[in-house]
Amino acid sequence: MSVKWTVNDVELYLKEKDYIDTAVIPLMPLSLSSGAKATASVGEFVQLLTGELERQLKGRLFLLPPFTYFVTERHEERVRRLAEWTRELKENGMKHVFYVACDREWKEAESKLEGTLFSLPMIPFYDMDETYKQQVIHEQISQLLSAFISQWT
Amino acid sequence: MSNKHRVSRRQFLNYTLTGVGGFMAAGMLMPMVRFALDPILKEEAGAEMVPVAQVKDITTEPQRFDFKVKVKDAWYESEEPKSAWVYKNEKGDIVALSPICKHLGCTVNWNADKEHPNQFFCPCHYGRYTKDGTNVPGTPPMHPLDRYEYKVKDGKLYLGKAKPRGGA
Ligand code: FES
């Protein structure tokens, strides 16, 4: 799997700007206090899904490094920062900006943001049976895939 | 940039990648676990061709089979998820096509566009290919889908490298 903020991919992007018109930003909470394990699980899930989506739709998606924030950061502050990222991307020619998040709080911010939010359900993976976990992930990937594709049409 | 800083960033990246990659291999390739654990097939490890499907499961309708191949890059060895669209043509020959769109690399789907049934369809910029993988003129791809080298042994289909085919 690949991380997309790489020299090769940036080169491709600069050459094919007209086609690669969608930026994907994984929204990644951080915490080192009591909720750390659940927070890490969210992060892992979001990265897993965006990584797989990038693999399947790489000709159109530019997967950015995650937008990270400590869960203690003030809500307005992180919304402001994300709005700033979005503005920067749009100014540079991205037609679509997709956020992928697990954190409920972003729902409330959606109206203040110019991109499209894709919320994933909170799934407590760390005490889930392995086979079941794989099914759930598979399912989530195909749902997110069709959600992305339908945004384009 | 100090050297120390660089190392720690790389380590971080490495951890992230290993974590996500391993998790993914587990998640995406469920159907293949069975094959990977089959002791007979283990001997094939390291050989270039990998078992992908039972020949008896292959129909005249393209089906998608997922598998994985080992890849090595400068930093670590990992398993890359791959898939193939496999079917038998009128002559009864097996055709195994790479799903990677020849335009900019998205994954194509069989029969996914209602307006153009029985074609491979790329959701990114609506590229299309006929059943044998030939690109449809007027859509973005300029080349046919790659074809996997294959062999059949003991009722199993093995795939090797995906090779480009000449122009449409
Ligand atoms: S990547 Fe398939 S049509 Fe552009």
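**Exercise 1. Aromatic pairs.** Determine how many aromatic pairs a search of the whole structure finds over all chains, and classify the pair formed by A:Phe67 and A:Trp106.

*Solution.* The structure is a predicted model, in which local features need pLDDT of at least 70 and side-chain atom pairs count only at pLDDT 80 or more, whereas totals for chains, interfaces and linings use all residues. Residues are numbered from 1 along each chain as its sequence is written, chains are lettered from A and ligands numbered from 1 in the order in which they are written, and side-chain values use heavy atoms, with hydrogens and water left out.

Step 1. Rings of Phe, Tyr and Trp (its six-membered ring) pair if their centres lie within 6.5 Å, and planes under 30 degrees apart count as stacked, over 60 as edge-to-face and the rest as tilted. Over all chains, the search of the whole structure returns 13 aromatic pairs.

Step 2. The ring centres of A:Phe67 and A:Trp106 are 6.0 Å apart and the planes stand at 75°, so this pair is edge-to-face.

Step 3. The pair links distant parts of the chain, since A:Phe67 belongs to strand β3 (residues 67-70) of chain A and A:Trp106 to helix α4 (residues 105-109) of chain A, 39 residues apart; helices (H or I, at least four residues) and strands (E, at least two) are DSSP runs, numbered from the N terminus.

Step 4. A:Phe67 and A:Trp106 are both buried, a term that means under 20% relative accessible area (1.4 Å probe, protein chains only). Ring pairs join A:Phe67, A:Trp106, A:Tyr69 and A:Trp85 into a cluster.

**Exercise 2. A buried threonine.** State whether A:Thr86 is buried or exposed, and which residues A:Thr86 is in contact with.

*Solution.* Step 1. A:Thr86, found in helix α3 (residues 75-91) of chain A, has a relative accessible area of 1% and is therefore buried.

Step 1. Leaving aside neighbours within four places in sequence, A:Thr86 is in contact (heavy atoms within 4.5 Å) with A:Val97, A:Tyr99, A:Glu114 and A:Gly115.

Technical notes:
Buried < 20%, exposed > 50% of the residue type's maximum accessible area, 1.4 Å probe, protein only.
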